[in-house]
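Colleague: I have just opened this one and have not looked at it before. Could you walk me through it?

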Amino acid sequence: MKRPTEEMNIYLIGFMGSGKSTIGRLLAEALAYQWVDLDEHIVTRNQMSVRGIFKKYGERFFRKEEATVLRNTMTLEKAVVSCGGGTPCFENNMNWINQHGISIFIDPTVEVLLNRLVKGQEKRPLLREKNLEELETFIQQKLEERRPVYEQAHIHYQQAQDDAPSVELIIKKMKAYHANSS
Ligand code: S3P
């Protein structure tokens with residue numbers, strides 16, 4: 001696999017609730033990059049919420065849109081892109097990301113994900129109408145299913161507990177990654 005160069009765009013991947021948007025915003029600010037949220041781009045393109053798109057057109061349509069907005073980020077310079085939780089798992093997107101940018105897998109514990117997702121359940125079509133037990137089982141199973149894809153990322157940022165995300169640590173990991181590749 002060809003290694004990414006330092007000036008490439010940065011793609012944050014990981015499960016729903018892993019903090020891709022929060023970290024994306026902070027990382028972009030720290031690096032003086034622009035911040036892009038793929039879900040937001042899909043919502044703007046379709047003038048409809050993610051939930052609305054799933055309901056009206058189905059998941060397949062959403063995944064096509066997602067692949068399109070992802071590839072559109074190629075024209076951007078100095079961008080931190082927060083992907084959706086499923087983005088790398090469809091349409092050969094993980095390969096595309098790794099060929100066009102630097103990928104970072106944000107990986108908190110299931111416990112942390114569960115705490116966050118209970119609050120954000122309604123707007124996420126894959127999580128709706130699940131009770132607490134069903135939600136926990138879903139997170140465990142889906143995460144295990146997706147993990148092999150997420151683990152293809154260049155950089156792995158594992159969070160042991162619900163600490164505030166450390167952008168400094170992520171930048172350190174990126175520097176170490178690039179130092180090793182030169
Ligand atoms: C999805 C994650 C969501 C959104 C959609 C599907 C997924 O993004 O793209 O609801 O398949 O994991 P977030 O990870 O930002 O919640």
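**A first look around**

Modeller: Let me start inside the chain, with Tyr-11: leaving out residues up to four places away in sequence, Tyr-11 touches Leu-70, Thr-73, Val-81, Cys-83, Trp-96, Ile-97, His-100, Gly-101, Ile-102, Ser-103 and Ile-104. Please keep in mind throughout that this is a predicted model.

Colleague: Where is Tyr-11 placed, and is Tyr-11 buried or exposed?

Modeller: Tyr-11 sits in strand β1, and because its relative accessibility is 0%, below the 20% cut-off, Tyr-11 counts as buried. Tyr-11 and Ser-82 are 71 residues apart in sequence, while their C-alpha atoms are 6.1 Å apart in space.

Colleague: OK, zooming out: how many helices and strands does the protein chain have?

Modeller: There are eight helices and five strands in the protein chain, and along the sequence they follow the pattern β-α-β-α-α-α-β-α-β-α-α-β-α. The radius of gyration is 16 Å, close to the 16 Å that the globule rule gives for 182 residues, so the protein chain is as compact as a globular protein of that length.

Colleague: And what box do the C-alpha atoms fill?

Modeller: Taken along the principal axes, the box is roughly 50 × 35 × 30 Å. Of the 182 residues in the protein chain, 46% are buried, and among contacts with a separation of 6 or more, 73% join residues 24 or more positions apart.

Colleague: What about the surface and the charges?

Modeller: The protein chain exposes about 9,700 Å², with carbon and sulfur atoms supplying 48% of that area. As for charges, there are 25 positive and 24 negative ones, and their mean positions lie 4 Å apart.

Colleague: Changing topic, where is the kink in helix α7?

Modeller: Helix α7 covers residues 132–150, and a kink of about 35 degrees lies at Glu-144, shortly before the proline Pro-148.

Colleague: Which residues of α7 are buried, and what covers them?

Modeller: The buried residues of α7 are Leu-135, Phe-138, Ile-139, Leu-143, Arg-146, Arg-147, Val-149 and Tyr-150. Their cover includes β1 (9–13), which is the strand that holds Tyr-11, together with α4 (59–72), α5 (93–100), β4 (101–107) and α6 (110–119). Looking from the side of α6, its buried residues are Val-112, Leu-113, Leu-114 and Leu-117, and what covers them includes α7.

Colleague: What is phi of Gln-47?

Modeller: Phi of Gln-47 is near 50 degrees, a positive value in a residue other than glycine, whereas most residues other than glycine have a negative phi. Gln-47 is in the loop between α2 (38–46) and α3 (50–57), and because its relative accessibility is 67%, Gln-47 counts as exposed.

Colleague: And Glu-129, what is its phi, and where does Glu-129 lie?

Modeller: Glu-129 is not a glycine either, yet it has a positive phi of about 60 degrees, and it lies in the loop between α6 and α7. Glu-129 also counts as exposed, because its relative accessibility is 70%.

Colleague: Last one: which helix holds Ala-28, and what is Ala-28 in contact with?

Modeller: Ala-28 belongs to helix α1, residues 20–31, and with a relative accessibility of 3% it counts as buried. Setting aside neighbours within four places in sequence, Ala-28 is in contact with Tyr-33, Gln-34, Trp-35 and Val-80. Ala-28 and Lys-78 are 50 residues apart in sequence, with 8.6 Å between their C-alpha atoms.

Technical notes
Residues numbered from 1 in each chain as written. Predicted model: local features only at pLDDT ≥ 70, side-chain atom pairs only at ≥ 80, totals over all residues. Heavy atoms only, no water. Helix = DSSP H or I, 4+ residues; strand = E, 2+ residues; numbered from the N terminus. Rg over C-alpha atoms; globule rule 2.2 N^0.38 Å. Buried < 20%, exposed > 50% of the residue type's maximum accessible area, 1.4 Å probe, protein only. Contact = heavy atoms within 4.5 Å. Areas by Shrake-Rupley, 256 points an atom, 1.4 Å probe, with all protein chains shown as cover. Lys, Arg positive; Asp, Glu negative; His and termini not counted. Charge placed at Lys NZ, Arg CZ, Asp CG, Glu CD. Bend = angle between axes of the 7 residues up to and from the residue.
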